[in-house]
Amino acid sequence: MTMVSHRNVTNEDQEVYCCLRNKVVKADASHLAQYCNGCRMFRSFLPEGGIECQWEDMRASSFEVTVTDPYAEWMDNQRKDVRHSFPLDSGGAESDEALAG
Ligand code: SF4
């Protein structure tokens with residue numbers, strides 16, 4: 001997986017998606033003191049308002065993403081990748097083998 005910098009810009013309600021808590025949180029002094037302070041994912045505070053957090057993200061295709069909708073980000077992070085393996089035809093070949101061959 002790739003280490004990705006997530007630039008979590010606060011929305012109009014001062015909220016961001018927090019990976020540590022896996023929820024949308026108010027980026028207020030309480031959250032910063034109680035959770036960001038000491039969080040291994042913390043990178044910096046954004047000048048435009050928000051928090052930069054770095055963590056491994058299998059979804060990302062670049063090393064930096066900017067998140068402006070914390071609720072969409074939360075929803076996207078609830079998806080789990082599932083690998084299916086099933087016969088493609090009566091020959092019994094499985095999907096992984098078919099791709100490799
Ligand atoms: S630094 Fe950690 S606690 Fe703070 S918002 Fe990012 S993931 Fe959450």
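This is a predicted model: local features need pLDDT of at least 70, side-chain atom pairs count only at pLDDT 80 or more; totals for chains, interfaces and linings use all residues.
User: In what order do the helices and strands of the protein chain run from the N terminus on?
Analyst: The protein chain has three helices and six strands. Read from the N terminus on, these elements follow the order β-β-β-α-β-β-β-α-α.

User: Which strands stand at the edges of the open sheet, and why is one side of each left without a neighbour?
Analyst: The open sheet is built from four strands with mixed pairing, in the order 4-5-1-6. A strand at the edge has a single partner strand, so one side of it is left without a neighbour in the sheet, and the strands in that position are strand 4 (42–45) and strand 6 (64–67).

User: Which residue of strand 6 stands opposite Asn 8?
Analyst: Strand 1, which covers residues 3–9, runs parallel to strand 6 and is joined to it by four bridges. Within strand 6, the residue opposite Asn 8 is Val 67.

User: Which residue in the turn between strand 4 and strand 5 has a positive phi?
Analyst: Strand 4 and strand 5 are paired in the antiparallel sense over three bridges, and Phe 45 has Ile 51 in strand 5 as its bridge partner. The two strands form a hairpin with four residues between them, and the turn residue with a positive phi, of about 105°, is Gly 49.

User: Which residue of strand 3 stands opposite Cys 18?
Analyst: Strand 2 and strand 3 (residues 23–26) run antiparallel and are joined by four bridges. They form a hairpin with four residues between them, where Asn 22 in the turn has a positive phi of about 50°. Leaving aside residues up to four places away in sequence, Cys 18 touches Lys 23, Val 25 and Tyr 35, and the residue standing opposite Cys 18 in strand 3 is Lys 23.

User: How many nonpolar, polar and charged residues does the shell around the ligand have?
Analyst: Among the residues that surround the ligand are Cys 18, Cys 19, Cys 36, Cys 39 and Cys 53, together with others including Leu 20, Met 41 and Phe 42. Strand 2 (15–18), helix 1 (29–36) and strand 5 (50–56) each supply at least two residues of this shell. Counted by class, the shell has 11 nonpolar, no polar and no charged residues.

User: Which element gives the largest share of the largest nonpolar core?
Analyst: This core has seven residues in all, namely Val 16, Tyr 17, Cys 18, Val 25, Ala 27, Ile 51 and Cys 53. Two or more residues come from each of strand 2 and strand 5. The largest share, three residues, is given by strand 2.

User: How many of the eight residues of helix 1 are buried?
Analyst: In the protein chain, which has 101 residues, 12% are buried. Just after helix 1, Gly 38 takes a positive phi of about 105°. Helix 1 itself is hardly covered, and the count of buried residues among its eight residues is zero.

User: What percentage of contacts between residues at least 6 apart in sequence join residues at least 24 apart?
Analyst: The share refers to contacts in the protein chain between residues at least 6 apart in sequence. Of these, the part that joins residues at least 24 apart is 58%.

Methods. Residues are numbered from 1 along each chain as its sequence is written. Two strands pair if DSSP finds at least two bridges between them. A residue is near a molecule or strand if its C-beta atom, placed from the backbone, lies within 6 Å of it. Ala, Val, Leu, Ile, Met, Phe, Trp, Tyr, Cys and Pro count as nonpolar, Asp, Glu, Lys and Arg as charged, and the others, Gly among them, as polar. A nonpolar core is a set of buried Ala, Val, Leu, Ile, Met, Phe, Trp, Tyr and Cys residues joined through C-beta atoms within 7 Å. A residue is buried if 20 or more other C-beta atoms lie within 10 Å of its own, exposed if 12 or fewer, and partly exposed in between; C-beta atoms are placed from the backbone. Two residues are in contact if their C-beta atoms, placed from the backbone, lie within 7 Å.
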